[in-house]
Amino acid sequence: MSKDNMKDLFSKYLETGIRFDGRKLDEFRDISIEVGVSKTAEGSAQVKIGDTEVIAGVKLSIGAPYPDTPEEGALMVGAEFLPMSSPDFESGPPGIESIELARVIDRGIRESHAVDNKKLCITKGEQVWTVSVDICTVNDDGNLLDASGLATLAALMDSYFPEFDGVAVDYKKKSKKKLPIVKYPIPITVYKIGEKLFVDPSIDEADHYDARLTVTMLENDLVCALQKGGSAPLTAEQIDEMVALAQKTAPKLRKKLQGNKK
Amino acid sequence: MAYIKRHDGRKMEDFRPVEAKVGVVKRADGSAMFKIGDTVALATVYGPRELHPRFLQNPERGVLRVSYNMMPFSGQGDRVRPGPNRRAKEIAMVTEKALFPVLNLENYPNAVVDVMIELPQTDAGSRCAGICAASMALADAGITMKDMVPAVSVGRVGKQILVDLDYYEEAYDEETVADIPVALIPSTDEFTLLQMDGDVTREQLKEALEMGKFACKKIYDIQKQALKDKFAGDLK
């Protein structure tokens with residue numbers, strides 16, 4: 001079946017309000033979050049949405065601050081679409097999709113000031129903690145982005161500083177000090193096929209969408225980052241509808257994440 | 001101080017606790033998880049599938065292609081920079097050689113069988129864990145094969161010959177250490193992987209290989225059980 005035919009078929013199904021796998025348009029698959037899945041990381045989390053699975057890990061290291069922010073630590077997010085997770089992913093340098101994903105997650109964390117950067121400063125202008133989050137996909141069954149957003153946040157929340165005696169970092173010993181997380185930005189990607197909007201695409205839906213909008217939500221319904229994708233344009237009304245759907249969905253994911261907080 | 005007792009209380013011939021599971025990555029044609037102590041390996045198999053570019057195709061037998069990758073947060077110390085390095089490439093190569101003898105690749109002319117090994121956390125012995133996971137994933141994918149390949153590292157710390165060194169033992173600095181990863185074809189008692197860092201006498205090597213053989217056969221039983229667990233489950 002050609003791509004356009006498939007899209008028509010999806011479109012028809014979405015009109016009925018029920019998708020191929022029986023879900024409603026605003027319904028996520030089952031979500032599970034498990035933290036501490038990698039003992040070598042300072043914090044880690046495995047998130048499953050249906051059969052989609054990602055692992056995020058946090059490493060903390062000491063470096064010099066940027067000259068324009070001498071009192072702030074640094075944060076970086078990287079994503080690897082491992083060839084293990086899909087027959088379509090190939091090994092090699094990061095492709096544009098994994099770069100986009102990492103940057104969208106990074107933007108949500110950065111722009112919401114989720115990590116208190118000032119508390120990452122050890123000595124002003126000289127030593128600060130650098131937080132590296134790495135996202136590794138294990139199985140791609142659609143919606144890697146939202147899964148990665150949850151995994152990143154859960155991994156950050158699971159992170160403890162390693163011991164540091166002023167000279168060297170002892171990665172074997174975790175201190176009791178947690179990474180200072182103050183905001184909890186959750187990315188929700190709303191997809192559009194035909195005139196219908198839905199969340200959490202299966203892999204087939206993810207292969208045939210017209211447009212998507214990732215809306216990163218904070219607790220107080222504030223939007224802290226946006227990213228449009230796909231080839232179809234969006235009207236202001238459609239964007240408003242997409243943000244509303246993200247707003248409606250975010251609390252369910254937030255509840256999952258908070259349920260995980262100890 | 002002479003290393004007489006192991007720091008985690010194991011006997012010299014004991015490997016760390018093992019967990020094995022098959023079918024852990026749904027999209028792959030075959031997959032497995034193998035955990036030994038704090039070292040975790042995931043392996044997936046895609047294929048047999050078409051091999052590109054075409055000049056790499058072999059009309060006589062399928063090509064086995066292995067990748068080995070440590071996730072950036074899986075090292076004992078600093079973050080591991082993503083992407084292949086010399087170590088990862090060499091391990092992928094020796095893993096290919098370790099698995100190749102048991103595979104009936106002549107059944108898949110012009111095709112490729114891709115094996116990807118990923119490590120979410122490591123505490124030494126990662127290439128052996130990778131080989132164990134990969135053999136199970138190949139069997140799970142239904143690739144025709146003569147046997148599975150269990151693997152374990154054996155070695156020497158001071159005067160003691162022991163099985164499955166962890167990072168503490170590998171990095172033990174009060175006495176000399178030798179680390180010998182091996183892989184075995186249990187049905188023929190042949191080794192398909194043999195490497196060593198450090199030094200041993202001929203007698204010590206002989207003893208180490210015997211211990212390795214014994215440990216591999218125990219691991220082999222665990223691998224088989226994991227496959228049975230999945231496919232017996234499928235029948236229900």
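**Figure 1. Packing of helices α1 and α2 in chain B of the predicted model****.** Helix α1 (residues 86–99) of chain B packs against α2(B) at an angle of about 45°, and the two axes are 10 Å apart. Because of this angle, α1(B) is oblique to α2(B); angles under 35 degrees count as roughly parallel, over 145 as roughly antiparallel, 65 to 115 as roughly perpendicular, and the rest as oblique. Axes are lines fitted to C-alpha atoms, for helices over the stretch in contact, and angles run from 0 to 180 degrees between N-to-C directions. Helices (H or I, at least four residues) and strands (E, at least two) are DSSP runs numbered from the N terminus. From α1(B), residues B:I91, B:T95, B:A98 and B:L99 meet B:R127, B:G130, B:I131, B:A134, B:S135 and B:L138 of α2(B). Two residues are in contact if their C-beta atoms, placed from the backbone, lie within 7 Å. The contact of α1(B) with α2(B) comprises six nonpolar, three polar and one charged residues; Ala, Val, Leu, Ile, Met, Phe, Trp, Tyr, Cys and Pro count as nonpolar, Asp, Glu, Lys and Arg as charged, and the others, Gly among them, as polar.

Residues are numbered from 1 along each chain as its sequence is written, and chains are lettered from A and ligands numbered from 1 in the order in which they are written. In this predicted model, local features need pLDDT of at least 70 and side-chain atom pairs count only at pLDDT 80 or more, while totals for chains, interfaces and linings use all residues.

**Figure 2. Packing of helices α2 and α3 in chain A****.** The axes of α2 (residues 96–111) and α3 (residues 144–157) of chain A come within 10 Å and cross at roughly 45°. That angle makes α2(A) oblique to α3(A). The passage of α2(A) across α3(A) is a right-handed crossing. On α2(A), the contact is made by A:L101, A:V104, A:I105, A:G108 and A:I109, and on α3(A) by A:L144, A:L145, A:S148, A:G149 and A:T152. Six nonpolar and four polar residues make up the contact of α2(A) with α3(A), with no charged residue.

**Figure 3. The contact between chains A and B****.** Chain B contributes 25 residues and chain A contributes 30. On the side of chain B that touches chain A, the elements giving two or more residues are β3 (39–50) and β5 (111–121) of chain B. The largest share of that side, four residues, is supplied by β5(B). The side of chain B that touches chain A divides into 10 nonpolar, nine polar and six charged residues.

**Figure 4. The largest nonpolar core and the surroundings of B:A133****.** The largest nonpolar core has 139 residues; such a core is a set of buried Ala, Val, Leu, Ile, Met, Phe, Trp, Tyr and Cys residues joined through C-beta atoms within 7 Å. The residues with the most contacts inside this core are A:A151, B:V115, B:A133, B:M136 and B:A151. Setting aside residues up to four places away in sequence, B:A133 touches B:A32, B:M33, B:F34, B:A41, B:L42, B:A43 and B:I117.

**Figure 5. Cis peptide bonds in chain B****.** One cis peptide bond joins B:G47 and B:P48, with omega about 5°; B:P48 is placed in strand β3 of chain B. Another joins B:H52 and B:P53, with omega about -5°. B:P53 lies in the loop between β3 and β4 (63–70) of chain B.

**Figure 6. Positive phi angles at A:D221 and B:A124****.** A:D221, although not a glycine, has a positive phi of about 65° and lies in the loop between β11 (211–217) and β12 (223–230) of chain A. A:D221 is exposed, with 11 other C-beta atoms within 10 Å. B:A124, also not a glycine, has a positive phi of about 70° and is placed in the loop between β5 and α2 (126–140) of chain B. With 25 C-beta neighbours inside 10 Å, B:A124 counts as buried. A residue is buried if 20 or more other C-beta atoms lie within 10 Å of its own, exposed if 12 or fewer, and partly exposed in between, with C-beta atoms placed from the backbone.

Conventions:
Left-handed = near helix turned anticlockwise from the far one by under 90°.
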